[in-house]
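The sequence and the structure are shown first.

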Amino acid sequence: MENKDTIIHNIEIIKKRIIRACEKSNRTPEEVKLLLATKTVPAERIKIALNYGYTLIGENRVQEVKGKGDELKDTPHQQHFIGHLQTNKIKDLLKYPVTCIESLDRVGLAERLDKRLANKGKTIDVLLQINTSNEESKFGVHPGDAIEFARQVAQFQHLKIKGLMTIGLFSAELERVRACFRLLRDIQQKIQQEDISGVEMKELSMGMSGDLEVAIEEGATIVRVGTAIFGERIYPDSYYWNEEK
Ligand SMILES: *Cc1c(COP(=O)(O)O)cnc(C)c1O
């Protein structure tokens with residue numbers, strides 16, 4: 001019971017933070033979706049949030065999508081994939097009802113995804129992941145290569161580009177974090193100007209527990225929140241971003 005109340009209480013706090021950030025930047029809260037970053041969170045705790053009405057979740061590892069798939073299948077929700085995806089895990093991932101891969105970061109991955117989806121007669125939404133902090137430890141396409149990447153991915157008929165995703169810098173200096181989010185928005189505008197056939201650029205997935213206000217001020221349409229709702233994780237985040245470990 002205490003567990004349940006904590007999760008709901010935390011969601012309410014996040015909701016208030018989103019509303020306040022929207023007010024500050026003259027946006028409406030309906031423009032910002034809250035994605036629950038559920039890595040390491042057991043299915044029964046995720047269900048508390050789903051039953052409370054927050055039904056968009058994101059996993060980082062195919063293993064976890066698989067592990068929780070059965071337990072979550074009867075609770076209505078929508079699932080995105082937000083982690084580094086290895087090509088040899090594509091087949092497994094596509095067995096589950098994932099509607100969007102937010103972390104598309106290589107042409108080779110796009111090609112393999114497209115092939116699999118073609119076989120299944122399906123399409124999937126994708127966001128292009130951009131490395132806005134220019135850190136080697138982060139996945140994502142270099143900002144200077146983003147337009148070319150969008151053009152290449154647009155050629156794959158079974159991938160529907162909906163926007164961009166970034167992780168941004170982990171820093172207490174919020175103005176440096178803001179620069180990452182602003183860069184993502186600049187790239188969004190540049191790609192829009194290219195007017196590439198089949199490319200939509202509505203979604204900007206950016207902002208996490210510590211920096212969602214800044215992200216919303218810079219135009220986020222999806223904020224991905226884990227720790228502030230489900231509590232601290234025991235492993236460093238790099239562990240979850242790397243499928244190889
Ligand atoms: C874990 C994770 C988040 C959420 O981070 P928190 O700091 O726990 O809110 C968001 N995006 C990605 C890609 C993540 O891996």
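The buried residues of helix H3 (residues 62-72) are covered by elements that include H2, strand S2 (56-59), strand S3 (78-81), helix H4 (90-93) and strand S4 (98-104). Helices (H or I, at least four residues) and strands (E, at least two) are DSSP runs, numbered from the N terminus. This is a predicted model, in which local features need pLDDT of at least 70 and side-chain atom pairs count only at pLDDT 80 or more, while totals for chains, interfaces and linings use all residues. Residues are numbered from 1 along each chain as its sequence is written, and side-chain values use heavy atoms, with hydrogens and water left out.

The buried set of H3 consists of Val 62, Glu 64, Val 65, Lys 68, Gly 69 and Leu 72. Buried means under 20% relative accessible area, exposed over 50%, and partly exposed in between (1.4 Å probe, protein chains only). Viewed down the axis of H3, these buried residues fall within an arc of 145 degrees, so they line one face of the helix; the arc is that of the directions from the helix axis to the C-beta atoms. Gln 63, Gly 67 and Asp 70 are exposed on the other side of H3.

Helix H6 (residues 146-154) has Ala 146, Phe 149, Ala 150, Val 153 and Ala 154 as buried residues. Their arc, seen down the axis of H6, is within 130 degrees, so they line one face of the helix. They pack against S4, helix H5 (107-120), strand S5 (124-129), strand S6 (159-165) and helix H7 (174-194).

A nonpolar core is a set of buried Ala, Val, Leu, Ile, Met, Phe, Trp, Tyr and Cys residues joined through side-chain atoms within 4.5 Å. The largest such core has 66 residues, of which Leu 104, Leu 128 and Leu 159 touch the most other members. Helix H1 (residues 2-24) gives the most to this core, with 7 residues. Another core, of 10 residues, lies apart from it, and Leu 56, Ile 82, Leu 127 and Met 208 are among its members.

The unreviewed UniProt entry annotates Lys 39 as "modified residue: N6-(pyridoxal phosphate)lysine"; such annotations may be inferred rather than shown by experiment. Lys 39 lies in the loop between strand S1 (33-37) and helix H2 (43-51), and at 5% relative accessibility Lys 39 counts as buried. Thr 38 is placed in the loop between S1 and H2 and is buried at 0% relative accessibility. Beyond its neighbours within four places in sequence, Thr 38 is in contact (heavy atoms within 4.5 Å) with residues including Glu 64, Lys 68 and Phe 230.

The structure holds 20 salt bridges, each a side-chain nitrogen of Lys or Arg within 4 Å of a carboxyl oxygen of Asp or Glu. Three of them are listed here.

| Salt bridge | N to O distance |
|---|---|
| Glu 31 and Arg 27 | 3.0 Å |
| Glu 64 and Lys 68 | 2.7 Å |
| Lys 202 and Glu 200 | 3.5 Å |

Lys 202 is exposed, with a relative accessible area of 60%, whereas Glu 200 is partly exposed at 33% relative accessibility. Salt bridges that share partners join Lys 24, Glu 175, Arg 178, Arg 182, Arg 185, Glu 217 and Glu 218 into one network. Glu 64 and Lys 68 are both buried; being 4 residues apart in helix H3, they are separated by about one helical turn.
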